[in-house]
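Please open the structure in your viewer and keep the selection panel at hand. The stops below go from a whole chain to its parts, and then to a single helix.

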Amino acid sequence: MKVKHHSAEAVKFTLTLVLPVLLFLIFLLFPFYWMFITSVKPDAEIYASPLLYWPQHWTWMTYEKLFGYFNFIKYMKNSLTVAVATMVVSLVFSTLAAYAFSRFEFKGRKFLMGLFLSNNMFPTVLLMIPLYSIMRSMNLLYTPTGLVLAYTTFTIPFSVWLIQGFIRDVPFSLEEAALIDGCNRTGAFVRIFLPILTPCLLAAGVYIFMQGWNEYTLSSMFTNPATRTIPVALNSLIGQLGVEWDMLCAGGTITVLPVCIMFFFAQKKLVSGLTAGAVKG
Amino acid sequence: MKKVIATFLAGVMLTSSLAGCGGNNSSSVSSGSDPSGKQATKLSYWYWADNTEQSDLMQSIVKQYNETNDKNILVTAEEYPWDSGGFTDSIFTAIMGGGGPDLSTFKLQAGKNFAANHLLADMSSYVEAWQDKSQINDGIWQMMKASTGDEKLSVLPWTLEALYVYYRPSYFQKAGIEKAPTTFDEFLDAIKKTTMDTNGDGKTDVYGLGLRGAGGGHEHLGSFLYAYGANWDDLTTPQAVEAYNAYLNIFKSGYAPDSAPNAAYAETVDGFKSGLTAMIIHHIGSSAIWSETFGDDVAAFPVPAGKGGQWTCTGDTCLTVYEQCENKEAAFDFYQYMTTGEGGTTWFKSTGKGLGTENVVATSEYKDNKFQTVAAESLKHAGVLPPTDTLTEFINSTWANTNQQALLGQISAEDALKIMQKSLHAE
């Protein structure tokens, strides 16, 4: 009787949870699977009819071409430089700004916070000509710095909102205790505050990194062949007369790897960081 | 504490050091010195490439020009993604932002917008004085002039690719068709006959035409319109409706793949390449793909004339010199090199694209390519859509949305044409 009960539970568990999750995973992962197998198929199999869901002849030639002839490493370096620099700059300024917005009462605080949001209300294309003009006059056009500055215009406002939501949940008494124990404000911020803030900074950092890593529109305008990032380089494989599917998929496969690795190591803290400050008592 | 401050300082140093990396704002003509100390005229040239081979080809052509031209002109060629036509938007943004190139590859359809903003240089005087001008036929020059709407010659032809029909002779043979169609009715009949169930399972596995219902498909509709006596100026005439119904019936009768309403270039190419379709309408640019894929089992014929006339759309890649270019004479010298000069010859030999100028016709690549004759024949009846203010919007948005609805039977041919007329002519 007990066994029967257990097996019924198992069936119920499988039908209501395991199976839907499996189906959802297949739905979610199939595009990545398809991207990968397209990158290792010979040309004839990419266009084969009926479709081949498993390559009959594996080839790594596309990856050789990608890293040799196409010089994909150069684009990866450019993307990594821009994404990391954007992350560092944005986190430093966002953390300080969010701390100030949360802990200090000053005139125009709410207005400034609102102003931060208003930046995200404009479509990126509207900002293109003014930004291009500014970059040009500052001699930052076609430099990674120009791109980093452009990215921070939308990563900093978002991060400030994200981090200040978290900070407001941290009791002020923690800093007060540190101050009573002899810390100055900077010391209290660095020794007490920053460690508590780690999950939130991690979440914001991953978000900023992904923005810098994947962004196309601004990068297509503010880079030249020497400073081009991955999304723009991959887009150059889509011509008027066709798409180099093998190269595009190989590039896509390589591009998602750093993001996947980041998520793998950061997922636990990422979730707590993103949800922190979401619920107010 | 020290660690944190050190990390912060490292971050700041990293970003500030990046300011020195790669910055090279090559936007306008300037003069500098070459190694011999002589003043060189520098030109910034932007282009898109359709594949990685074309990237290298363009760079090598420009390099050769820099090494061989006797006017001490130094061209810096920078590649930007085609981005489904976003290439011209990038140039527009750059010029409006105070940068951008001196000359670039260009599409006719963008001419009016650029001309309206006074961004293009009028090159009429240079063309008039050009000894090779007559190698390019008058119809093409007129097409260039008409593209800007101000009758100035601001867009210069570089390669024109008139559309024609590629077909698989083995499929024609299987369908009992003995020769390539010479009239529009024969063309429609061939589409019907080559729709076949080749393995006897009761399902169609070869479709007559790779109908391009989405992006770019409006070019194909043009041939139908003119064959039935209509044209782009008025899409609401009975002839236009008859032509559009003939077009829609290809899909509704099952002579085109189910994917036709969403098919753009890539989908139609995939269909033809995989043997799913017997015919595809495209230009010389894809001839190498077909020859490589099918060997002798591919041939071509011009889109035939109907009772109302004959017309085919031509794809184009033009060159244009921008008003901000300070040395237009140097820019025109580069243009000459790219058309009737060595640059044009090299480009043709590798891509099969050109204007049929003497340097191109003399090459063995031209003589040996069976599709070149069909392409040259098609160019005689080729044209482009009228350069209305709303042409880009019609092409990028209205066409696909409206045509998809008509193909799926959600709106009638008359209603669809009314929407297209309103969009194309801003009525």
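## A tour of chain B

Begin by selecting chain B, bearing in mind that this is a predicted model; its radius of gyration is 24 Å, which agrees with the value near 22 Å that a compact globule of 427 residues would have. Taken along the principal axes, the C-alpha atoms of chain B fill a box of roughly 75 × 70 × 45 Å. If you switch to a cartoon, chain B shows 19 helices and eleven strands, and if you colour by burial, 49% of its 427 residues count as buried. Among the contacts in chain B that link residues at least 6 apart in sequence, 71% join residues at least 24 apart.

Next, colour chain B by its domain assignment, in which domain 1 takes 43-162 + 315-376 and domain 2 takes 164-313 + 385-424. The C-alpha centres of these two domains of chain B lie 29 Å apart, and the contact between them draws 17 residues from domain 1 and 15 residues from domain 2.

Now look at the side of domain 1 of chain B that touches domain 2, and select α4 (111-116), α6 (138-148), β5 (155-162) and α17 (370-379) of chain B, each of which supplies at least two residues to that side. Of the elements there, α17(B) gives the most, with four residues. By class, this side of domain 1 of chain B has five nonpolar, nine polar and three charged residues.

For the last stop, select helix α10 (residues 238-252) of chain B, whose end C-alpha atoms are 20 Å apart, in agreement with the 21 Å that its 15 residues should span at 1.5 Å a residue. Which residues of α10(B) are buried? Show the side chains of Ala240(B), Ala243(B), Tyr244(B), Tyr247(B), Leu248(B), Ile250(B) and Phe251(B), which are the buried residues of this helix. Turn the view to look down the axis of α10(B): its buried residues fall within an arc of 140°, so they line one face of the helix. As background, an α-helix has 3.6 residues a turn, so residues three or four places apart point the same way.

Finally, step just past the end of α10(B) to Gly254(B), which takes a positive phi of about 85°.

Notes: Residues are numbered from 1 along each chain as its sequence is written. Chains are lettered from A and ligands numbered from 1 in the order in which they are written. This is a predicted model: local features need pLDDT of at least 70, side-chain atom pairs count only at pLDDT 80 or more; totals for chains, interfaces and linings use all residues. Domain bounds come from an automatic or database domain assignment. Two residues are in contact if their C-beta atoms, placed from the backbone, lie within 7 Å. Ala, Val, Leu, Ile, Met, Phe, Trp, Tyr, Cys and Pro count as nonpolar, Asp, Glu, Lys and Arg as charged, and the others, Gly among them, as polar. The radius of gyration is taken over C-alpha atoms; the globule rule is 2.2 Å times the number of residues to the power 0.38. A residue is buried if 20 or more other C-beta atoms lie within 10 Å of its own, exposed if 12 or fewer, and partly exposed in between; C-beta atoms are placed from the backbone. The expected span of a helix is 1.5 Å times one less than its number of residues. The arc is that of the directions from the helix axis to the C-beta atoms.
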